[in-house]
Amino acid sequence: MDVLNLAHGSFYMIGAYTAYSVVLATHSFWLALLIAPLLLALVGGLLELVFFRRLYRHGHLAQVLLTFGFTLVFVDLIRSGYGPTTRSIAPPPSLGGAVHFLGATFSSYSLFVLGVAVVVGALLLAAWRRLRVGAVLRAGVADKEMAGLLGIDLARVFTLTFAFGAGLAGLAGVIAAPEFAIFPAMDASVLILALVVVVLGGLGSIEGAIVGAAVIGLGYVIGTTLFPQVALVLIFGLMAAVLVVRPTGLFGRR
Amino acid sequence: MDLSIRGLTVRFGAVAALSGVDLEVPAGGRRALIGPNGAGKTTLFDVIAGEQRPAAGTVALGGRDATALPPWQRARLGLGRTFQRSTLFAQLTVAENLALAVRARCRAGWRFWPVRDRELEREVADRLETAHLSGAARRRAGSLGHGEQRRLEIELALAAGPTALLLDEPMAGLSGAERTSAVERLRALPREVTLVIVEHDLDAVFALAERISVLDHGVKIADGTPAEVRADPRVQEVYLGTA
Amino acid sequence: MTVGRGRTLLLLALLVALASLPLWAPRFWIYIGTQALIFAIFAMSLDLLLGYAGLASFGHAAFYGVGAYACGLLALRHVDALIPLLLIGALASAAVAVPIGALSLRATGIYFLMLTLAFAQILWGLAVNWTSLTRGTDGLIGVPRPALPGAGALGFTLNERGPFFILCLAVAVLVFLLLEALTRSPFGRTLEGIRENERRMRALGFPTFRYRLAVFVVGGAIAGLAGSLAAMSNGFATPDLLYWTVSGLVLVAVVVGGSRSLVGPVLGAFLVLIAQLGLSTFVDRWELVLGALFIAFVLFLPRGLVGLVRRA
């Protein structure tokens, strides 16, 4: 929807911390998996209604600055609530084991993460193609008045999309929580990776984001295994290389 | 400068915007390019100017193959153009708009220190006079009325000193009197400047053009003197007949 | 024209107030003033890109950091001459800006913004991981300040806060005047033309890519100069200088002050620095307040402080 949201990493971070709190209070990972995305969708929807709505016509720079302000606020809120130390939660007991497959050992939880990623990706892709959400958003971005004439309530579509995106970020945060550490600077690292993925794949393309994520994920893992010192440099190099050849990303349109 | 376009094909996805278009305009020629909306006239200009890469075909400017040259190098060969929708330097003043074009001709963009250039100021003042824009010199180009913007549009292209000029609907949206003066301005150009004009106003076309080429659905269907084109049955069918 | 005179008067007043600062201000405020001046140079270099050339870089901290590291590395090799130490930062950053610009400038708008961000993060990763050169997260520590020839005879050194503050002020004024001239020069006008309408500039015969690359390198060099001063001022160069939040902070300074004015970013830099250092001294949750401040500015003053004056 042509909005650059630097606070998206914050949504992910808040998702992870919400999971931490819920697990601490109820000892149920599954409850966290339900609550965090809903909470984040609520937060995202509210932010869109109150703040972002006023900025669409001001262009990307205003959005960047506004959301940059929000990242500072969110990080500090989290730090004041939870302190600067690193937290962690255990994966749910049912997924605590290990699976042997093709002679290698995987933790059940990693497979669960993989499964969720595949399901979410597939659902998104299906919704994108079948429900014409993509077409509506693109129309809205390209020509607001025309979309309005076609009877599309753009304001509502934008709010819902934003809330949905925030909810997904929250979901990712919950799922990531048992696998990675939870700490106040986790928003930045994931945000940068997410931006790289999206840019690599091409903006406004779900297919692109999925392929981009796979490329970056693989690149990152291979990088950290083979050359741990320069893994990050490697993936940025990869992104730069792709953009030099295709300035709008792998699946991007002009 | 003469233009020689051979076998030009441009595709947008599956749609062919131009297919196998040839266009030969001799130095000093006055050519009009007409055709219904969507015929590919602006696309053809974009390819000649280097903004759009053709899938096939060649563009030669002044006998030199320019197919692979970027737009700015084609401009330096002497190619100028005006745009269909006035896309001036909206935030800059009218005088500064013209100064940019004059500097483009003198290749004076790489000077890093502000110096008063009286010669440039005099030329800008002269050109403002010619375009009847002297009173608006200090106004922002974006705040001009439509007629004034179109005059500045043409003067801007001329200030860069082209020897071949592509004019994309220079009369669009102008009143009758404004059209007359725009035609006069173009007729007053030195004989050696090549003109290619895309225009829907057929009075202007017949007043300016020696030869006319007709495009329809990306294909050139006719090419000849105004009388020949008028008489062409295919042209009457797709264009004049229905107009 | 009255706006121009008002601007000059404002600048002179600011200059006098600043130059006299070491005479009356408490040491803490001289320190803040020094940091703010360095940040102001940094912000002006970004305004050249953002305001005049229309290039919204979100990775400008890369050049600030590279400048700081270059200066620190040279100073730790027992070079103590002021001019070479200042220039090495600018040169190193210019050298880094050439490939980054050549790649990023192929994209425009939001892609350019993200590419610059990505390249800055690569350099940040290098600063953290290339430990043999940068000493990792600890950074270069104990960077000495340069000697000023003849200053000893007059009884002061750059190790004192007052003289170092004056040095930063002198560099800031010089940069301001240079950029002021540059933006009014034919080169500056050409950049404005490219910002307004790149396609038409190409059609007129300007090699627009080269112009954008040139200004990107100049902007990077000046940011590197600010980085040099930062390394001297702090006595260290750490990866934090290249982190993306620094790029965000300087962008906020430019926009909050008002871009395309050079004065605005200076005001913005002072505001941001005073807010940051002042708040962090007195308030625990200063980042929260700072963030809220930015949000308020973007919402209610989209043209920045200078916009207030311009409208009036």
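**Close-up 1. Polar contacts where chain A meets chain C.** In this predicted model, the rule picks out 3 residue pairs in polar contact across the interface of chain A and chain C, both partners being at pLDDT 80 or more. On the chain A side, the elements that put in two or more residues are α3 (60-82), α8 (186-201) and α10 (231-245). The biggest giver there is α3(A), with 17 residues. Sort that side of chain A by class and you get 29 nonpolar, 8 polar and 3 charged residues.

**Close-up 2. The salt bridge between chain A and chain C.** The count for this pair of chains is 1 salt bridge. Zoom in on Arg79(A) and Glu287(C): their side chains meet in a salt bridge, at 3.1 Å from N to O.

**Close-up 3. The whole A–C interface.** Here 40 residues of chain A touch 39 residues of chain C. Interface size is often quoted as the accessible area lost when the parts come together. For chain A and chain C, the buried area comes to about 3,700 Å², with 80% of it on carbon and sulfur atoms.

**Close-up 4. An open sheet in chain B.** Follow the 4 strands across and the order reads β2-β1-β4-β5, with antiparallel pairing. At the edges sit β2 (15-25) and β5 (64-65) of chain B; each has a single partner strand, so one side of each has no neighbour in the sheet.

**Close-up 5. Strands β1 and β4 of chain B.** These two run antiparallel, with 5 bridges joining β1 (residues 3-12) to β4 (residues 56-61).

Notes: Residues are numbered from 1 along each chain as its sequence is written. Chains are lettered from A and ligands numbered from 1 in the order in which they are written. This is a predicted model: local features need pLDDT of at least 70, side-chain atom pairs count only at pLDDT 80 or more; totals for chains, interfaces and linings use all residues. Side-chain values use heavy atoms; hydrogens and water are left out. Contact means heavy atoms within 4.5 Å. Buried area is the accessible area (1.4 Å probe) that two parts lose on being put together, summed over both. A salt bridge is a side-chain nitrogen of Lys or Arg within 4 Å of a carboxyl oxygen of Asp or Glu. A polar contact is a pair of N or O atoms within 3.5 Å; within protein, one must be able to donate a hydrogen and the other to accept it, and residues adjacent in sequence count only if both atoms are side-chain atoms. Ala, Val, Leu, Ile, Met, Phe, Trp, Tyr, Cys and Pro count as nonpolar, Asp, Glu, Lys and Arg as charged, and the others, Gly among them, as polar. Two strands pair if DSSP finds at least two bridges between them.
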